[in-house]
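Dear colleague,

Please find below the structure that I am handing over to you.

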Amino acid sequence: MSPSPSNEASENVASGPSPLPWHLLPDNASVGPNGRLSIGGCDVLDLAAEFGTPLFVYDEDHLRSRCRDAVEAFGAHATYATKAFLCQAMAKLAAEEGMGLDVASGGELHVCLAAGVSPDRLVFHGNNKSLTELRMARDAKVGRIVVDSFDELDRLEALHLEDGLVPSILLRITPGVKAETHEYIATGQDDSKFGFTVSTGVAKQAVDRAVEMPGVELKGLHAHIGSQVFRIDSFAAAVKVLGQFANPLGLPELVVGGGLGVAYVEGEESASIAQWARAIRQSVAEANIEAAIGIEPGRAIAAGAAVTLYTVGTIKQLPGIRTYVSVDGGMSDNPRPVLYGSGYEAFLPRAVTANRTFEARIVGKHCESGDLLVRQAKLPQDVAVGDILATPVTGAYGHSMGSNYNKILRPPVVFCRDGNARVVVRRETLDDLLTTDLG
Ligand code: LLP
């Protein structure tokens, strides 16, 4: 397990010839006799030629296999956190593989319902659900609402007075466990905007109130300590606190959240979903928890399933300083390097096993210096303008956190499987930029 999560600025300085570590590519990646990369049986340079760049290329079977791993470990209590990557095809895929779906806004709920996901398989999250969102969730009859505050309990009470519906809820609990990850995505510590804190007695007050409220049916508790967490013992620490708090309450369900870290760069290694599940099961047994246990992975399902393809537009060599390789996307399709200092690798799909001995900073086309994709990348020596360049492990929190900054068009998404590529999200058009603009 890597001690340094890639959410911290990763200075992956070239250290001798090193091809792209193969394990950073999706499961069904292969290299043809011409040295070119295929994903899901589709030659990625052909995909770039057909669909243009930037382009998100997903290995559909990789996504399916990770969903199956989660379901194998936790059955119907395995829930996919759609914030990691969501479109209708992804919602259908996760549901087909037996996962529930976690949505954290009315928008995510809308997409899942549009995809035809059965509402009882949806879990509605968020630290500030509006009355409108709560109404939407109740009207849709989602399986669980994860209540995050007393204000939300008030809103649910008010809605109950209107229509008499009694949704099933979980209460989000803050266990007071600080996960080792970027501070922006650590959520288990007491100083957090999420949940009801155990250590201050607030969590107990929330349980007492929910038990007495006629407008909700309290099914259990929920916790999520953070994201991109490599240290499995952090989850065990949370389970211990949850057990101590939850066992005397005798509630039937306990969800321990998502957060399993994934490897983004050379030298990082992460636990598999099965290993993570085993560790959770063990800590659940040690804590004598009898409630049904649920998990909510997002990144571990989607991150490794995709690569992003770009076209190199300019290469600027600044003597004695560095080389900038500019591509046709940037912070609008992957804001993670800018937001969290996250590290990524880069490679050329035309020579996926080539040594990468050329150091460069890979930047996007947005109008600011912070628009970088790979701070200190290694590329093959012969990288040239017009090359298709790829970054692996971009399947989670890339497309979903994308933007239209500089009115750059959002890239399309293709799912590849058995040599077939299907576009599941089309590229935005210039006219799309005007659809909400009333002039
Ligand atoms: N459950 C809850 C309640 C969550 O808030 C999250 C993520 C998950 C599950 C899924 O966590 P995962 O398994 O994906 O780590 N934008 C950040 C990540 C934010 C995560 C937010 N919550 C990033 O790009 O690293």
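Domain bounds here come from an automatic or database domain assignment. For this chain, the assignment gives domain 1 (22–58 + 304–429) and domain 2 (60–302). The centres of domain 1 and domain 2, taken over C-alpha atoms, are separated by 31 Å. Contact (heavy atoms within 4.5 Å) links 31 residues of domain 1 with 27 residues of domain 2.

The model is predicted: local features need pLDDT of at least 70 and side-chain atom pairs pLDDT 80 or more, while totals for chains, interfaces and linings use all residues. Residues are numbered from 1 along each chain as its sequence is written, and side-chain values use heavy atoms, with hydrogens and water left out.

- Tyr397 places a polar side-chain atom 2.6 Å from an oxygen atom of the ligand.
- Tyr340 has a polar side-chain atom 2.8 Å from a nitrogen atom of the ligand.
- Gly298 has a backbone N or O atom 2.9 Å from an oxygen atom of the ligand.

With kind regards

Terms used. A polar contact is a pair of N or O atoms within 3.5 Å; within protein, one must be able to donate a hydrogen and the other to accept it, and residues adjacent in sequence count only if both atoms are side-chain atoms.
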